[in-house]
Amino acid sequence: MAGSRLEKIGTVFTRVQNLLRAGVIKESEKPIWFDVYAAFPPQREPVYQKQRKYQVKIADPIPEIFYREDKIRAQFYAVYGNGPRAFELNRPNFISVCQRFVEKYQELEKLGDTDEDRLFEETGKALLAEGIILRKKGISGQAQQHSSQVTEGIDPILQMKLKDMLKEMQEEQHPVDNPPESSESHQKTPATE
């Protein structure tokens, strides 16, 4: 028995008892305590058990960290979503639309406006004036742009540029060829000639 001396199965009494039955230990060599243990067995058998580690939940004294910007970001993502493009994380100087929104929000907040809803809307308008188009979740691009232009009173020159840009993008995606003549003009019946 060159293994570990720590026996996890059975007790010392059962191991000695089995050694006596097998004849490994002679009756004259049995330990003194063996007869006493056999006459007065313990109420609870001493079996090896791993000690349980009691985990007591202690109230965490460190509060969760929330910055003021987190609330603005949460509201931004709730209203506008992630946006049409993915984040470009391979560029070290990349600033997401959300981060630009937060920076503009804080800039406008320093000017003195305290109403959060109004400040949120004004930030969206200010970014639109800078050329960043924000699309609300659940509204198609053209319908949202049309409704935002009507309600926000955008400069007519900017409105014309946006319309021209959209028209050019649509033409690039779906080039309009000469429409084929209707099938009725190609089909001449011999009876009508």
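Across the chain of this predicted model, pLDDT averages 75, and 69% of the residues score at least 70. Confidence is highest in helix α2 (residues 33–39), with a mean of 92, and lowest in helix α8 (residues 183–186), where the mean is 46. Over residues 178–189 pLDDT stays under 50, and for this stretch the model has two contacts beyond four places in sequence. Where pLDDT is low, the predicted coordinates should not be read in detail.

The chain comprises eight helices and zero strands, so that, by the run-based assignment of helices and strands, the pattern read along the sequence is α-α-α-α-α-α-α-α. Of the 193 residues in the chain, 16% are buried, and the accessible surface comes to about 17000 Å², with 54% of that area belonging to carbon and sulfur atoms. Among contacts between residues at least 6 apart in sequence, 50% join residues at least 24 apart.

The largest nonpolar core contains 13 residues, of which Phe76, Tyr80, Phe101, Tyr105 and Leu134 touch the most other members. Helices α3, α4 and α5 each supply at least two residues of this core, and α4 gives the most, with five residues. Phe76, one of the residues that touch the most other core members, is in contact with Gly81, Val97, Cys98, Phe101, Phe120 and Leu134 when its neighbours within four places in sequence are left aside.

Helix α4 (residues 97–110) has 14 residues and reaches 20 Å from its first C-alpha to its last, close to the 20 Å expected at 1.5 Å a residue. Within α4, the residues Cys98, Phe101, Val102, Lys104, Tyr105 and Leu108 are buried, and what covers the buried residues of this helix includes α3 (68–80) and α5. Following α4 is Gly112, whose phi is positive, near 125°.

Thr123 is itself classed as buried because its relative accessible area is 0%, against a cut-off of under 20%.

Methods. Residues are numbered from 1 along each chain as its sequence is written. This is a predicted model: local features need pLDDT of at least 70, side-chain atom pairs count only at pLDDT 80 or more; totals for chains, interfaces and linings use all residues. Side-chain values use heavy atoms; hydrogens and water are left out. Buried means under 20% relative accessible area, exposed over 50%, partly exposed in between (1.4 Å probe, protein chains only). Helices (H or I, at least four residues) and strands (E, at least two) are DSSP runs, numbered from the N terminus. The expected span of a helix is 1.5 Å times one less than its number of residues. Contact means heavy atoms within 4.5 Å. A nonpolar core is a set of buried Ala, Val, Leu, Ile, Met, Phe, Trp, Tyr and Cys residues joined through side-chain atoms within 4.5 Å. pLDDT is the predictor's confidence in each residue, from 0 to 100. Accessible areas come from the Shrake-Rupley method with a 1.4 Å probe; for residues, only the protein chains shown count as cover.
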